[in-house]
Structure formats: C-alpha cells, structure tokens
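Colleague: I'd like to learn how to read a fold. Could you walk me through one?

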Amino acid sequence: MNYQKDQNTLPLKEVNFEISALLEDYIEKSREEKTFVLNQRSPKSIAEALQTEHHFKNGFKTTAALIKFISIYLDNTNHLRNPKYMGHQVAVPQDLSGIPDWIHGTVNNPSSLYEMGPAGATLEGFMINWMLQHLGWFKGEDLYDFKLNKKNGSGVLTHGGSIANLTALSAARAAIAPEAWTKGSPKDLIVIGPSTAHYSITRALSIMGMGKNAFIPVLVDENEVLITENLEEVYNQQLKAGKRIMAIVANACATSTGLFDNLEGVADFCEKHALWFHVDGAHGAAALLSEKDKHKVKGIERADSLIWDAHKMMRVPALCTAVLYKNVISQINAFQQKGSYVFHDEDVIGMDSMPYTVECTKSALGMKLYWSFALEGEKAIGNFIQNSFQQARDLYDFLNNHEEFYCPYEPESNILCFQYRPDLLTNKQQLELRYQLINTGDFYITSCEIKGKRYLRTVMMNPLTQKDHYILLTIAIEKQAKILLESDK
Ligand SMILES: Cc1ncc(COP(=O)(O)O)c(C=O)c1O
C-alpha cells in the first residue's frame, strides 16, 4: 500500500484555531489561579485519560478528538503561570513565547547548518553577538558582523546547560591537551571547582573519559559558596601530585542556594596561575542584564568560557543555552572532528554552528532566544530579572518576620531556601512537608540540601507572585506541618 497523502485530513485552520483558544484559556486560568498548580496523578491514570494507546494506533480521527486530547494533556501539566508556582529554575514564558516552537515545528529548519535554516542561524548569530557585547567580548562593527573574527569572542547556542558545560570543558581540554581528541584524555588532567558545582560538570568529565574523580572539589562555606582562599592550597596539592589543571570552575550562581561565587577572586587566581576560567552561569549570568544586580557577576568578563541558560532567567521555553568564549580559537578547537559534508570554506554564505556543538542537528534556538526579547523589547527582560531577584528578597524579608521560619542566608538571586520550625521538624520531615504541600496542588516549591540539612526552596520565576502569595504559602506550610506532626505522633 502506498503512503499517498503527506498528512492526515484534519483541517489545518480549524485545528490551529481551536488550539489557540485552548492555550488562551490555559494561560488565563493558570494566571487567575483557577487551576491547581500541579494535579499529581499516576502515569497510568494520565495514559488512560489521554486514551494514549487508542490514538497511537488509530490517529486522531476528528478535530474534536485531537482537541480533547490536548485539553486533557494541558490539565496534566505543571501550571507555571499560576503565581503559586515557585518551583524549579524553569522559565515562566511570556504568553506568546510558544510561537517560535510552533513555527519551528512547522518548518523544521535545524539551524546548525546555515543553508538548512538561514533565518534561525542568523538570529543565533545576532544573539550571540549581543551576549558577547554584554561581556565586552564583541569587537565587531555592529551586531550584524557574523564572521568568526580573531578580535572577537564567539559562541554557540546549544540544547541546555549540561551540554553547554560539556562543550566548554571540551574547549578547555583542547587548550591544554590538544592531542586528547585523537589519542584520548591524558590521565593527569583535573578540574578544580566548588564542591557545589552542578552535577553536569562531573558528568561532562566522565563523558570526556577523564572520570568524575578528575573533578577536585574545593570547600564551600556554610551557604555553599566557594571559599576562594582555599583554591591556592588545593592547586598546590594537585601540582605536587603531578596533576595538570585543565580549568577552574565557579558558580554564578549555585543551583541550591542561588548564591554567587566570588568571580573576581577566582579570576585573579586564574590569572596569577594562567589557568582556564570557566563560569557556570546557567542560572545567574542573566544578572548581567539587570543594572541593579550586575555587580554580583563582576569578574565574569574575565572568564575564558561561560555558559548561560536562556530557558532559566530569560523567559525562553526549554531548551536554549549559550556557550560563550572570550577567544574565538577556543570554540574552533573544542571539537576537532571534521565531517567533509558540513564544513565549508570561507567563501560560503552564512555560518554553520555545527562544527562547534555536540549536536549535529539542532533546533532553531536563535529564534527562541531572540523572540523573548523582541516580544517586549530588550530592557523588559532586564527588568524581569531585577524583579525576580527582588521577589526573593521580599519573601526573605517576609519570612524573617515569622519566627517559625528560618532562612540561612540573604538571597542574591531569585532562589531562596528556608526551613519551617527547624527546632521541631527533622530533615526527613522538611522533605515530607514539601511533598504534602505540592500534593495539595495549591503550591509548587522544591527542596534541597545545604551542608547536609534539608531545606524548602523557592525559585521566583513568576512575575505575578507577590506578597499575598507569600502569606498564603506560609499559611499552607503551617497547615501541612500540623498535619504531618499529628500523623507522626
Ligand atoms: C548551575 C547550573 N549549571 C548547569 C545546569 C544544567 O542546566 P540544564 O538543566 O539546562 O541542562 C543547571 C541546572 O539547573 C545549573 O543550575
């Protein structure tokens, strides 16, 4: 039997119209708190409600069936737009943020090869230049200067911070041990960084064949910030042990606490010993865009490589991360593996990011990133970042006025950790408290450990979250703690 039609018969216009209406309703209801933040159900009950197997086998037969499916799908999402969402470091997108994904899903132009997606690749080039400009790493005439240029820094967009860290660390290794690409990783290479570095750093080292033990953790203080003074001792110990230091990593900011390492201090140290300085700015590099907060990342411009997630603090739907280099040569050397079908000479129009990324095919990430700014204008995103940092500060001030709550530090970003009645609740109970709270569907918060102690954790991603919600949050936590303590009696 021939496959004659290139699509099913559902009417495009009607389906698009109905989906738009559903999404509009979703946004409105979430925003007005007319839905749970998260209605936790078992995967089996979701699969059944969606009639997963039936549609899989038969296809959607009618617009109504498709719309019903999407409606149930939306019911079973975590409603990030609800102001009581204070959970993970995942952007609450703008209302029109989904459009680049819709367009990409329709035209499917992977932008890693210029000729397969000229518009997407162009926007990526533009946004990379703009980011480099914020770091002082762009020396071109204007942001339309797209050629790799020895005077400039450079960068690529990639699918997420974990791949971005792998990419940047590959570039760092290429600088100290260029033979590693063909001969394998030398055994004497190590990376030094805070013990609180994101797990994607050690994961990258394992993937690179260096082993996770190649990461040498440096002590952090009681709030998990790198103790910069300890770098020297660790460095000397490693030299004595015959190791070569491939890179020093710093957090901007730490995933758990949202606190920033002293980037100036680490940059001084790296400069003194001529070491590669990598900043994991997945979450906090965005502070660069807030006039009020950019001092927190002072020194970031002295890094050799930086990763910066757009899907965390820049309202971009997952995934989109920039890997940025101060020197273009770092990018060129990161992956010295050439496939003749993708690499062209200088005279070819446009630019291909494929030689410089882990991915071969990648999404039109430039469009996603550009879109977020274009929707509201450049300044609005800076204001959004400043506002979300202020929200965490406001919540901190509010909780500090309630003696049942304990915050171990003043927030520097939009992440705040706290405990409810640490005198009464064990670590395990703090965690149970979080589960009980999110199972009510009313709030969504996370949790983390700091120095072996369990904390509740909020990440203020939603600009609609305000004081009323803080009050309701404390009431809800108190209520759940009471239930917990009674059930444990
Ligand atoms: C500091 C830091 N680095 C890297 C990552 C990984 O980023 P992604 O989730 O985009 O892979 C995270 C994620 O939370 C992070 O906080």
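**Reading the sheet**

Modeller: There is an open sheet of 7 strands in the order 2-8-7-6-5-3-4, with mixed pairing. Two strands pair if DSSP finds at least two bridges between them; helices (H or I, at least four residues) and strands (E, at least two) are DSSP runs, numbered from the N terminus. The edge strands are strand 2 and strand 4 (215-218), each pairing on one side only.

Modeller: A word on the source: this is a predicted model, where local features need pLDDT of at least 70, side-chain atom pairs count only at pLDDT 80 or more, and totals for chains, interfaces and linings use all residues. Residues are numbered from 1 along each chain as its sequence is written.

Colleague: How many bridges join strand 2 to strand 8?

Modeller: There are 5, and the two strands run antiparallel. Leu157, for instance, sits opposite Ala322 in strand 8.

Colleague: Is strand 2 mostly covered or uncovered?

Modeller: Call a residue buried if 20 or more other C-beta atoms lie within 10 Å of its own, exposed if 12 or fewer, and partly exposed in between, with C-beta atoms placed from the backbone. Strand 2 (residues 154-158) is mostly covered, with 5 of its 5 residues buried. Ser154, Val156 and Thr158 lie on one side, Gly155 and Leu157 on the other.

Colleague: Which residues come nearest the ligand?

Modeller: A residue is near a molecule if its C-beta atom, placed from the backbone, lies within 6 Å of it. Of the 14 residues around the ligand, Gly160, Gly161, Ser162, His198 and Ala282 come nearest. Helix 7 (residues 161-176) gives the most to that shell, 3 residues.
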